[in-house]
Amino acid sequence: MNRIVIALTMSSVLALAACKKEPPEVIPPAPRDVSTPAPTPTPTAPRGPQPGSEAHFSAAMAGADTIYFDTDQYDIDATDMAALRRQAEYLTQYPSTRALIEGNADERGTRDYNLALGERRANAARAYLVSLGIAENRLRTVSYGEERPVDTASTPAAWARNRRAVTVMIE
Amino acid sequence: MTLKSAYLAFVAIAGLAAAAPVAAQSSPSVLDPAGIGDPAVDAAAGAEVDDDGGITVTVTADNWQDTGIAIPAFATNRDQPTPANSAGTTALGQELARVVFNDLRNNGLFRPVGPDALPRPSYEQITAPAFATWQGRSAEMLVQGFVRAGSDGRLTVGCYLYDVALQSELAREGWVVLPSEWRRAAHKCADLVYSRLSGESPFFDSRIAYIAETGPKDNRIKRLAVMDSDGANHRFITNGRSTALTPRYSPDYGKIAYLSYTDGNPRIYVYDLETRNQVLVTESTNPTFAPRWSPDGKWILYSMAIGGNTDIYRVSASGGGTPIRLTDSPAIDVGGSYSPDGSQIVFESDRSGVQQCYVMNADGSNQRRISFNSGRCATPEWSPRGDQIAFTRIAGDFNIAVMTPSGGNVRVLTHGWQDEAPTWAPNGRIIQFFRSERGSGDSSIWQVDLTGDNLRRLQTPVGASDPAWGPVLP
């Protein structure tokens, strides 16, 4: 089951990413727990991340745990909607889970404004998940402003990867 | 300034010893290391110089900027150990003069020569300079001083400014300080010289709160730190376990408001420097950021996001009060800086679509945009003099710029790749900011004067950002 979900998600993200206004050139690595191995696709391996864990969620999303924004923007476009629908499906499948949505900005902004911008982005993602039926009390937000870049280059491509909202499981 | 007013200033300044009053502090004899020289006679002479126009009270920029100032080592009546310098008061006199020299040199306004390149005057010469010697060295101005260790351990520091050509005293002041505060006496001396020669208000005797940065760009450690205006007396306040941002000293230096992620969320804490306790600026589960003090220290401005929408609030700095919301647009309204009289606030908002600067009354009424046609306007900071607003100008790169409070006469002062977050010197003549390097993201604190000509980097132990310059120390 996991294997199929991952495969579908990968292909849909790649297809949609091609249409996005400022697509990330590569799918960013999972933001958390890089030391935790991804779930092995071998059907005979019963051990792996527990459903509801961040590792499990991150692997299941295969990139759809993150949505991206244009400079100074926080609107949810079609690509973002597809990713958030994947997140909502997961949250629906595992109803005891709770999620934290982390809003981020690129370095090319002033610090206070970027904190406010990260709040806007995280809340935009949260509002869409709520509109898909996820209970508000399962979704928290935090803004990291420009403090947590995933790509440390000072290039437009790096900034595009850093303007993001990342959903993580609260374990 | 006549000597009479200088003497009065001395009496007032003597209070910085803080611990206990000392009768000797109010005695003018404290200023006279040799027991020679009559303050009354000197005062008359000083007034005469002013009156006959032999020297202008405020020297114009054209001639004072290149003034050669000799600053020899401060003399002492008796070399004796002091907690301020284990080598004794003679060595301390050298250090005092070095601090004065570096203050004046680093701001690019004068051409001082420091104690390491000059002969050392005797204690008796402090009030009777060997003018011929200094004329021979082409010094136009001479700063001399003395330091004495009192029986109670405290230090008496005297500072004298002489016009070498006229062979006359322009200013003198003295201070009684705790040994741990010896550098403050030197900063006061530099302030005396700077003020007397430039006509501007003093600023050296002040402190800076900032964020110390270490580690790689994607895992940077950010700690709250403080230092004197010249970088001395540096101290880390937080340990770096959680990210700290955007500190602001309270006007009385008793507290620092800053942002910390200590509970995982961005929240403003008010840290008490004496008790070392901190409290939330307001009891709320919403994120709060961008703290600012009112000039009288009674209010703290902060920005708070509710449901993703950021507005500006103010709350009593004494704690426990109900916050008052000042803006209510659906846009990002953030930051804010009071006018010196506390009646108005300049802030930034993207209600027009992008960041621009706005002014409102302190109660939130009469909000109006002031920045037009100059890129984006962010992080506005009102000058302590009230005549300028500094801001981050975003037009491709990020620059530090100033404009009038009505948004006119925009002048760009810096040209880095990313210069942001201006903060004013207490006298409103110099602006500090931080500069980030493209790629590495390494940050450092810089300062520039209002001409834009005198730009320099401050030395800090590690990377540095988010500077906040406090007022002249109480």
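Let's start at a hairpin in chain B: strands β27(B) and β28(B) form it with 6 residues between them, and Gly439(B) in the turn has a positive phi of about 95 degrees. The model is predicted, and local features need pLDDT of at least 70, side-chain atom pairs count only at pLDDT 80 or more, while totals for chains, interfaces and linings use all residues. Residues are numbered from 1 along each chain as its sequence is written, and chains are lettered from A and ligands numbered from 1 in the order in which they are written.

β27(B) covers residues 430–436 and pairs with β28(B) in the antiparallel sense over 7 bridges; strands are DSSP runs of E with at least two residues, helices runs of H or I with at least four, numbered from the N terminus, and pairing requires at least two DSSP bridges. Within this pair, Gln432(B) has Gln447(B) of β28(B) as its bridge partner.

Follow β28(B) onward and you meet β29(B), residues 455–457, joined to β28(B) by 3 bridges and running antiparallel. Here Gln447(B) is bridged to Arg456(B). This hairpin has 5 residues between the strands, and Gly452(B) takes a positive phi near 80 degrees.

β28(B), residues 443–449, is largely enclosed by the rest of the structure, because 5 of its 7 residues are buried (20 or more other C-beta atoms within 10 Å of their own, with C-beta atoms placed from the backbone).

Now turn to where the chains meet: 20 residues of chain A are in contact with 31 residues of chain B, contact being C-beta atoms, placed from the backbone, within 7 Å. On chain A's side, α4 (111–131) and β3 (139–145) are the elements that give two or more residues, and α4(A) gives the most, with 10 residues.

Definitions and conventions: Two residues are in contact if their C-beta atoms, placed from the backbone, lie within 7 Å. A residue is buried if 20 or more other C-beta atoms lie within 10 Å of its own, exposed if 12 or fewer, and partly exposed in between; C-beta atoms are placed from the backbone.
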